[in-house]
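Q: Could you take a close look with me at one part of this protein and then show how the rest is packed?

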Amino acid sequence: MTKSEAVIRTILGPTRRSVTALACAVDQVIELLFVQKIPMSKIQVNQDVYPPVAEQLGQRPQSVARQVERIANCCWETGDSASLARVIGRELPEKQGPKEMLFYLAFYVHLDTPFYQVVEQSPELLF
């Protein structure tokens, strides 16, 4: 199990749902942000994340996008709120989209630090 999968499973708890697409998408975002040094505002998930993940998994980008959306929604709706808050760095008043979840998870998995804590310390990562 990859670190991305482990963090996602910590949020979701025991489930039979596959988290592979979301975990691979998180790993792709990590590659873009921290290896290729592409700012968060420049990353387009439909073009930069889903096609490489789809190729890796032998699926279509649209299928990967739907899988990521479903699992991200499960994290918001049925996931452990304390684990989710630990990844994000604060309680959020409303559910965010799959793109935001990818970034929250990528920062936490790569840096072992909640998203908002990193952003407060290094706002240059956003632009």
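Which are the buried residues of α5?

A: Happy to look at this with you; please keep in mind that this is a predicted model. The buried residues of α5 are S83, L84, A85, V87 and I88. They pack against four helices, namely α1, α4, α6 and α7.

The largest nonpolar core counts 47 residues, and I8, L33, V49, L102 and L105 have the most contacts inside it. At least two residues of this core come from each of α1 (3-12), α2 (20-35), α3 (45-57), α4 (61-78), α5 (81-88), α6 (98-111) and α7 (115-121). The largest share, 11 residues, is supplied by α2. As a general background, nonpolar side chains tend to be buried together in soluble globular proteins.

Apart from neighbours within four places in sequence, L33 is in contact with I38, P39, M40, I43, F103, A106 and F107.

Finally, consider how α2 meets α3. Their axes lie 9 Å apart and the two helices pack at an angle of about 125°, which means that α2 is oblique to α3. The crossing of this pair is right-handed. On the α2 side, T20, A21, C24, A25, Q28, V29 and L32 make the contact, while α3 contributes D48, V49, P52, V53, Q56 and L57. By type, the residues of this contact are nine nonpolar, three polar and one charged.

Terms used
Residues are numbered from 1 along each chain as its sequence is written. This is a predicted model: local features need pLDDT of at least 70, side-chain atom pairs count only at pLDDT 80 or more; totals for chains, interfaces and linings use all residues. Side-chain values use heavy atoms; hydrogens and water are left out. A nonpolar core is a set of buried Ala, Val, Leu, Ile, Met, Phe, Trp, Tyr and Cys residues joined through side-chain atoms within 4.5 Å. Buried means under 20% relative accessible area, exposed over 50%, partly exposed in between (1.4 Å probe, protein chains only). Contact means heavy atoms within 4.5 Å. Axes are lines fitted to C-alpha atoms, for helices over the stretch in contact, and angles run from 0 to 180 degrees between N-to-C directions. Angles under 35 degrees count as roughly parallel, over 145 as roughly antiparallel, 65 to 115 as roughly perpendicular and the rest as oblique. A crossing is left-handed if the near helix is turned anticlockwise from the far one by less than a right angle, and right-handed if clockwise. Ala, Val, Leu, Ile, Met, Phe, Trp, Tyr, Cys and Pro count as nonpolar, Asp, Glu, Lys and Arg as charged, and the others, Gly among them, as polar.
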